[in-house]
Amino acid sequence: MKENPMSQQRNDPRPGMGLRPIINVSGTMTYLGASIMKPEISEAMASIASEFVEMADLYQKAGVMVAELCDAKAGTVTSCVSAGISQSVAACMAGANIGKTQQLPDTTGMKNEVLIQLGHMVNYGHPLDQAIRIAGASPRPIGQIGNVHPSALEQALNEQTACAVFVVSHHTHPIGNLPLSEFAEICHAKEIPVIVDAASEYDLQGFLKAGADLVIYSGHKFLGGPTSGMVAGREDLVEAVYLQNAGIGRGMKIGKESIVGLMAAITAWQQRDHDGIRKLEKSYLDLWHEQFNKIQGLHCMIIPDPTDNPLDRLRVFVDANIAKKSASELAKLLASGEPPVIVRHHEAELGHFDMDPCNLHPGEAEEVVSSMLSCLNS
Ligand SMILES: *Cc1c(COP(=O)(O)O)cnc(C)c1O
């Protein structure tokens with residue numbers, strides 16, 4: 001493996017471990033290590049590693065920060081969003097009852113149906129409905145792909161309904177789903193709580209305002225923290241989510257290092273120069289846009305994020321006749337290139353892939369250009 005001078009400067013451990021020094025232009029993907037941590041975050045994690053701490057107090061302090069960040073009544077932390085979903089669903093079934101909490105995933109004597117629009121039953125690395133089933137609940141899909149009538153949700157609400165899950169993500173089917181406000185209004189008419197999976201969303205307050213009872217965010221995506229999750233919302237439900245640490249949440253626990261790292265990431269987010277970072281990301285997009293549009297067989301445009309996060313990406317359309325490779329083939333070549341570049345390829349079968357400018361080290365945007373040129377000439 002060729003040593004990259006930039007990564008040597010950073011003390012990059014990957015080559016020494018036999019791991020490929022990939023450049024990630026795919027986005028904050030869990031399967032690629034999600035995001036890169038700022039030094040103040042890893043330093044905060046290291047500082048607590050060699051100390052004892054009363055975990056209940058640490059959870060409490062972190063919960064206050066999460067609640068403030070989300071302008072919520074209460075907040076807590078989990079090991080990741082997936083764990084947050086499982087613990088939130090468990091909380092809606094068991095409440096703050098330790099007997100019920102420790103009976104799960106056996107739901108005898110508890111409400112156990114979880115409503116979710118069919119177009120929201122996504123796979124973010126595993127099926128979302130599995131995160132619900134782990135708690136012992138039964139997911140009940142509502143409506144069809146591309147069409148959910150409000151009465152389909154009204155019809156499905158019954159004495160067995162424990163809660164409803166709503167997903168905000170580019171993974172969801174893009175049309176025909178009920179919007180959150182309407183979804184929540186229908187559920188609330190029957191006093192059914194609504195859990196929102198907003199893992200990758202920058203909007204930290206809007207979903208609670210739109211009617212969510214609990215909202216779950218990732219600590220390791222846009223926030224740039226260690227692998228972790230945040231749950232915010234109604235006080236009684238958040239308390240019950242926390243209580244699940246003595247139930248199904250035990251095997252999903254977050255460590256002291258990650259809680260402290262998440263707290264540092266929240267502080268860093270609040271102090272971050274968001275405009276400056278957007279300008280830098282825009283400069284990467286402009287560079288790629290200009291360079292790739294010169295290439296025969298490629299056609300590019302800058303597109304906004306599909307769920308309105310404040311970031312743009314470059315969409316690269318590949319004309320397979322001229323480029324002599326399809327979008328999927330080009331994405332594969334880039335991934336095995338020198339250096340390996342991982343693009344956002346989940347729509348490659350439509351003839352394009354996207355390139356995300358977030359979380360790049362200095363010099364990497366230029367390396368992406370040279371990797372592209374050598375792949376197209378190979
Ligand atoms: C990333 C993601 C998750 C999973 O987050 P983890 O913290 O990695 O468990 C869940 N839902 C959506 C919509 C995601 O994008």
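Because the model is predicted, local features need pLDDT of at least 70 and side-chain atom pairs count only at pLDDT 80 or more, while totals for chains, interfaces and linings use all residues. Residues are numbered from 1 along each chain as its sequence is written, and side-chain values use heavy atoms, with hydrogens and water left out.

The side chain of Thr30 places an N or O atom 3.0 Å from an oxygen atom of the ligand. Val81 contributes through its backbone, with an N or O atom 2.8 Å from a ligand oxygen. For Lys221, a polar side-chain atom lies 2.8 Å from an oxygen atom of the ligand. Taken alone, the ligand exposes 380 Å², and the protein buries 94% of that; accessible areas come from the Shrake-Rupley method with a 1.4 Å probe, and for residues only the protein chains shown count as cover.

Ser218 belongs to strand S7 (residues 214-218); helices (H or I, at least four residues) and strands (E, at least two) are DSSP runs, numbered from the N terminus. With 0% relative accessibility, Ser218 counts as buried, a label that means under 20% relative accessible area, with exposed over 50% and partly exposed in between (1.4 Å probe, protein chains only).

Val81 leads on to helix H4 (residues 81-94), whose 14 residues reach 19 Å from the first C-alpha to the last, close to the 20 Å expected at 1.5 Å a residue. The expected span is 1.5 Å times one less than the number of residues. Helix H4 is mostly covered, with 14 of its 14 residues buried. Just after H4, Gly95 takes a positive phi of about 60°.

Turning to the aromatic side chains, rings of Phe, Tyr and Trp (its six-membered ring) pair if their centres lie within 6.5 Å; planes under 30 degrees apart count as stacked, over 60 as edge-to-face and the rest as tilted. By this rule there are 5 aromatic pairs. Phe166 and Phe183 form an edge-to-face pair, because their ring centres are 5.3 Å apart and their planes stand at 65°. This pair links distant parts of the chain, with Phe166 in strand S5 (residues 161-167) and Phe183 in helix H8 (residues 180-189), 17 residues apart. Both Phe166 and Phe183 are buried. Elsewhere, ring pairs link Tyr202, Phe222 and Trp269 into a cluster.

The loops hold some backbone details worth a look. Most residues other than glycine have a negative phi, and most peptide bonds are trans. The peptide bond from Leu104 to Pro105 is cis, with omega near 10°, and Pro105 sits in the loop between helix H5 (98-103) and strand S3 (113-117). A cis bond also joins Glu338 to Pro339, with omega near 0°; Pro339 is placed in the loop between helix H14 (327-335) and strand S11 (341-343). Although not a glycine, Asp71 has a positive phi of about 50°, and this residue lies in the loop between helix H3 (55-69) and strand S2 (74-78). Lys324, likewise not a glycine, has a positive phi of about 65°. The loop between helix H13 (320-323) and H14 contains Lys324, which is exposed, with a relative accessible area of 66%.

Gly297, in the loop between helix H12 (274-293) and strand S9 (298-304), is buried at a relative accessible area of 13%.

Note on methods. A polar contact is a pair of N or O atoms within 3.5 Å; within protein, one must be able to donate a hydrogen and the other to accept it, and residues adjacent in sequence count only if both atoms are side-chain atoms.
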